[in-house]
Amino acid sequence: MLLAGVMSAAALAQSAAAPDDSFFFEKGKLRVLILSGRNNHDWRASTPHLRRILDATGRFDVRVTEEPSGLTAESLRPYDVLVSDYCGPRWGGTAEKAVAAFVHSGKGLVAVHAASYPFGEAQILGSHQTPTGVREPAWSEWATIVGGAWTEKEPKTGHAKRHVYEVKWTNAAHPIAQGMAPSFTVSDELYHQFALKPGIEVLATALDAAEQGGNGRQEPLLWTNRYGAGRVFHTALGHDVAAMSAPGFIASFARGVEWTASEKVTLPASVSLDPKDKDALRVMLVTGGHDHEQSFYAVLDGLREIRVTVNPHPAAFGGDFAKAYDCIVLYDYHVGDLPEVPQRNLREYLESGKGMVVLHHAIANYQKWPFWWKEVVGGRYLMQDEPPAKASTYLHDQDLEVTPVGDHPIVKGLPPMYIHDETYKGMWRAEGLQILLKTNHPTSDEPLAWIGPWTKSRVVYIQLGHGREAHENPWYRELVRRSVIWAAGR
Ligand SMILES: [Zn+2]
Ligand SMILES: [Zn+2]
């Protein structure tokens, strides 16, 4: 209903004939549909991992179906390539015909590990029968599409015990292999004695070593096939997520998906699962002096534009970190004096124009260093009464409404948030601070985040962030991410 509201009448009329999916897919990316939901392997772990590999390349818009039996020609139409992480009952005539026609028409298919098990002929599901106990007639076309499949006829397909072995490219000129090292090492099952179809192009093999219980022969593990106008890539590798974490698996799989989808390979020989931008900000995160939940480390994790190094006390501020970092983030709690050298280094860092984000309990830091809390941070948690001021107070497990203030880039467009966190009350604050967040919660001071008074570099303080409820809140993560980017001068 909502869709009808946002699509123009012309767009709706057009969608009856040839729907325009461009609104719903990422521009310029190859469209991948992973087929999953049944497997004699742990598809609940492997499918998200395959998706993560493809997402990390930035080349694909990846979707997943856990009910491939519902596929139709129409539901497959927008995609460039199917990745099968499926090994289970047949999909039924409509879905099977749709998948075969999809590939035949010139699109791609990638079969991973157990997906080479032939539908129907003999189900591998424990009892070698379907879950209903009924053997199905085979969908023999699947083996024709993939270019090979498991067989129970002699010589039977199988594998020796899992071990570490080398996969060698035998066709290094193929776009999938080009630029990669001549071999790569995996810990995986080594499938042997596939029933292969004529016309496949073997890309890589491995020695099925007799001393590991193998047949002593080189076995084809990676191959390509043509089905009609379509391209197929098969990888026998990938028994579990650990096997799928081998750099050689990651790169060959991602490049295989790209090749089947587009007939070209642009991806590098090595694919990182935690890709960083070339000019990613270098952040030093300082902890120590206060316990905290492990979830805190997720706040700045997995971002392309930020690379974090954790450097806790007493090592923090030990060296010339102004050269090594673009921004420092403090989640430490160091109420007493900083030793002379770290103190001088930290001051020089701030004098040099480099930025800083101070989080949560770090507002209690360096109490006897007025330069720090007066001139730089603009706030201090009072550890005891300082007449006429009373000691500051804290209270765990509060639910508070937080409202962004003004249109500073750190909070611009952020919605108000209702968050479970710790509150502080009765802190000292500098006059005239630019406030970013406020609350009217009775156990909290009104300002919850501000820009520090320091003018030689950019300093931000955010009071929130005690526990998991804040750390895992995307709103909080966005707040910290923006603060780091702003403090670093971007
Ligand atoms: Zn396996
Ligand atoms: Zn706390």
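Both Trp369 and Phe371 are buried, where buried means under 20% relative accessible area, exposed over 50% and partly exposed in between, using a 1.4 Å probe and protein chains only. Keep in mind that this is a predicted model, in which local features need pLDDT of at least 70, side-chain atom pairs count only at pLDDT 80 or more, and totals for chains, interfaces and linings use all residues. Residues are numbered from 1 along each chain as its sequence is written, chains are lettered from A and ligands numbered from 1 in the order in which they are written, and side-chain values use heavy atoms, with hydrogens and water left out.

**Ring pairs**
- Rings of Phe, Tyr and Trp (its six-membered ring) pair if their centres lie within 6.5 Å; planes under 30 degrees apart are stacked, over 60 edge-to-face, and the rest tilted.
- That rule gives 28 aromatic pairs.
- Trp169 and Phe184 make a tilted pair, because their ring centres are 5.9 Å apart and their planes sit at 55 degrees.
- This pair links distant parts of the chain, 15 residues apart: Trp169 is in strand β7 (residues 163–169) and Phe184 in strand β8 (residues 183–188). Strands (E, at least two residues) are DSSP runs, numbered from the N terminus.
- Trp169 is buried, at 9% relative accessible area, and Phe184 is buried too, at 8%.
- Trp369 and Phe371 have ring centres 5.4 Å apart and planes at 45 degrees, so they are tilted.

**A cluster**
- Tyr86, Trp91, Phe119, Trp139 and Trp142 are linked into a cluster by ring pairs.

**Charges over a ring**
- A charge sits over a ring if NZ of Lys or CZ of Arg is within 6 Å of the ring centre and within 35 degrees of the ring normal.
- Over the face of Phe25 you'll find Arg31, at 4.1 Å from the ring centre.
- Arg63 also lies over the face of Phe25, at 4.2 Å from the ring centre.

Technical notes: Helices (H or I, at least four residues) and strands (E, at least two) are DSSP runs, numbered from the N terminus.
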